[in-house]
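Hi everyone, thanks for making time. Please have a look at the model on the screen, and I will walk you through a few places in it.

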Amino acid sequence: MSDEIKEKVPVFRSWNLWYAFVILFLVVLIILFTFFTNYFA
Amino acid sequence: MSQLDWIVLGVSLIGIVAYGLYKSKTTRDLDGYFLSNRTMPWYLVLLSIMGTQASAITFLSAPGQAYTDGMRFVQYYFGLPLAMVLLCITFVPIFHKLKVYTAYEYLENRFDVKTRTLTSFLFLLQRGLSTGISIYAPSIILSSLFGWNIFWTNIVMGGLLIIYTVSGGARAVAYTQQLQFVIIFVGMAVTAYMVVRLLPNGIDFIDTLKVSGRLGKLNVITTGNTDKGFNWNDRYNIWSGIIGGFFLALSYFGTDQSQVGRYLTAKSVSESRIGLLMNGLVKVPMQFLILLVGAMVFTFYQFNQAPLFFNQTQVAIVESSSYKDSLHIIQQRYSSLSAQKKKLVEQFVGDYKSGRNTDQPVTALKQVNKETEKLRSDFKNILEKEDVNGDSNDTNYIFLRFVVDYMPKGLVGLLIAVIFLASWGSIAAALNSLASTTVVDIHKKFVQLDCTEAQDYSISKWYTFAWGIFSIIIAQFAGNMGSLIEAVNVLGSLFYGVILGIFLVAFYMKSIRGNAVFISAILVEIIIILSFVWPWLTKKIPSVIDKMPSFIQHFMEGMANISFLWLNAIGAIGMIVMSFLLQLVLKKRTN
């Protein structure tokens, strides 16, 4: 059961890639939001 | 409300109840009733997770929050995506592997019965109270709009959703949440479109953003820094959002049965994981868009006179009090300032569009807005006087007042349905989880140990019903809690940190045993609750507080000055540290 669980990382090959992807996603969001805040201020 | 609105509202609500009953067929056992026989695909899990988190409070309070405080509330969700990944790696596979009904069953395997029972009790206390607030949220709509008695409105409101939740359990909850979400997003998208359409000719979407941006309402990213350094009491900034929000999300999705119960209905570990990961990716943009609607409503009220106070019932109370004359003076001044505001905002848009310098109209507009806010504060001060005793917080009424005053026929009914359905989605999931925890962690453990499957099924239905009634009773006392979205979050933060700490110790600190965790949980929870009520205690029992050692007083004062979002992190880290130290002490004693 635990082996089966280990195999099934959705979309990416490993969970480290998921961490990297989510951190990148957050950084992009924060940059866009900062731009949004500054542009309209 | 027009006849068309009533029809739209009635069809939406009755349709959901009927759909819930239609989807009620499950096997008559705990697996069918609480976990829908573990058959749900990831997209239903995703909608169910989102429908559980996004209550009526989200759609009522968030636009009001953006109107009064700007869009910085969105930062509260920044820690959520990271928490989803950690959950998928640690919590989800363990819960699936052990085939548990509730998250708390795992704690008995890892520690002992008393730790499991204490954690389920903390959950029941927190979730039972916050579900009451969630029932109250849509009820204020009806009572405010139609002058209905809030007591009976709460009862009718909570009663309708109980019908399909009792009947169909987790399956009915998941399927109705799917339909509710479609209606909710159609309603919110049409509202955003209508706000721009209602503005004067020539004002487009970008102009709307420019106005609210220059007036400080599009402050999505804030750092919490002041001239005196970082402000720990600042509720929403990027750091409290990422760190505090991470712990809150980890605790809410990993240890709150109302969420754990949703992704345990998935047909496999992978389906649970994809549902949670997708939630992490869509939550922040979704919340951003809801807040944006509030910022747009703010712009709308620069061109049109906003009510002095958005809860008209409170205005009527002052109107019939001895402060009537003061109210009239405030109202006259407010109308004159609103007219000035309209001229200035038109001047600003004209200057901006023709490329002229806009500093002068913006400065003047900010000044007028400041003065109107001062008048609103004066009015709130009247409401807070002892002989008036009114409710001085109108954040939850801002969006609703706008809808009723300016939306076309039919859309008002649809938007009121949106508020109801959003509320039902989260309340239904909460009742289902309260019942599952009571049956699995309390009833079958201490009251009736040997039940047949049919008895389990029947008891589960009765507990769902009983929690529905309890939540309605709590709803009757939820009237003066300020912004409802904050009330729920504050309440959650008092308990979530400790609950999360228990689970983190369970997963990552294998040497720590049940006794150390149990005592630590009680001590840390007492400290957190005391810190929350400390300002109240210092007023009520100053003589007792003065007798305490000064280091305790300083410590509690410091804790009391920290914004609630940090309590999640403090509770969790406090649990880890205290369990570790206590385990050392207990080990020494045993040796």
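Val388(B) is buried, because its relative accessible area is 11% and buried here means under 20%, exposed over 50% and partly exposed in between, with a 1.4 Å probe and protein chains only. You will find Val388(B) in the loop between helix H16 (359-383) and helix H17 (398-406) of chain B; helices are DSSP runs of H or I with at least four residues, strands are runs of E with at least two, and both are numbered from the N terminus. What does Val388(B) touch, leaving out residues up to four places away in sequence? The partners are Ile317(B), Val318(B), Ser321(B), Tyr323(B), Ile382(B) and Leu383(B), where contact means heavy atoms within 4.5 Å. Val318(B) is 70 residues from Val388(B) along the chain, yet their C-alpha atoms are separated by 7.0 Å.

A quick word on ground rules. This is a predicted model, so local features need pLDDT of at least 70 and side-chain atom pairs count only at pLDDT 80 or more, while totals for chains, interfaces and linings use all residues. Residues are numbered from 1 along each chain as its sequence is written, chains are lettered from A and ligands numbered from 1 in the order in which they are written, and side-chain values use heavy atoms, with hydrogens and water left out.

Next stop, Thr464(B). This residue is found in helix H19 (residues 453-475) of chain B. Thr464(B) is buried, with a relative accessible area of 0%. Its side chain makes a polar contact of 3.2 Å with the side chain of Tyr33(B). By polar contact I mean a pair of N or O atoms within 3.5 Å; within protein, one must be able to donate a hydrogen and the other to accept it, and residues adjacent in sequence count only if both atoms are side-chain atoms. Not counting residues up to four places away in sequence, Thr464(B) touches Tyr33(B), Thr165(B), Val166(B), Leu431(B) and Ala435(B).

Now to where the chains meet. How many residues does each chain bring to the contact? Chain B brings 32 residues and chain A brings 22 residues. Between them the two chains bury about 2600 Å², and 82% of that is on carbon and sulfur atoms; buried area is the accessible area (1.4 Å probe) that two parts lose on being put together, summed over both. Five residue pairs are in polar contact across the interface of chain B and chain A, both residues being at pLDDT 80 or more. On the chain B side, helix H5 (80-89), helix H6 (91-98), helix H10 (205-214), helix H11 (238-255) and helix H13 (269-303) each supply at least two residues. H13(B) gives the most to that side, with ten residues. The residues of the side of chain B that touches chain A divide into 23 nonpolar, five polar and four charged; Ala, Val, Leu, Ile, Met, Phe, Trp, Tyr, Cys and Pro count as nonpolar, Asp, Glu, Lys and Arg as charged, and the others, Gly among them, as polar. As for salt bridges across this interface, the rule finds zero, a salt bridge being a side-chain nitrogen of Lys or Arg within 4 Å of a carboxyl oxygen of Asp or Glu.

One of those helices, H5(B), is mostly covered, with nine of its ten residues buried. Among the buried residues of H5(B) are Leu80(B), Pro81(B), Met84(B) and Cys88(B).

If you like rings, there are 48 aromatic pairs over all chains. Rings of Phe, Tyr and Trp (its six-membered ring) pair if their centres lie within 6.5 Å; planes under 30 degrees apart count as stacked, over 60 as edge-to-face and the rest as tilted. Tyr76(B) and Tyr77(B) have ring centres 4.9 Å apart and planes at 90°, so this pair is edge-to-face. Tyr76(B) is buried at 7% relative accessible area, and Tyr77(B) counts as buried at 7%. Tyr252(B) and Phe253(B) also form an edge-to-face pair, 4.9 Å centre to centre with 70° between the planes.

Last, two backbone spots. Val11(A) has a phi near 65°, a positive value in a residue other than glycine. Val11(A) is exposed, with a relative accessible area of 75%. Ser36(B) is not a glycine, but it has a positive phi of about 50°. Buried or exposed, then, for Ser36(B)? Ser36(B) counts as buried, because its relative accessibility is 2%.
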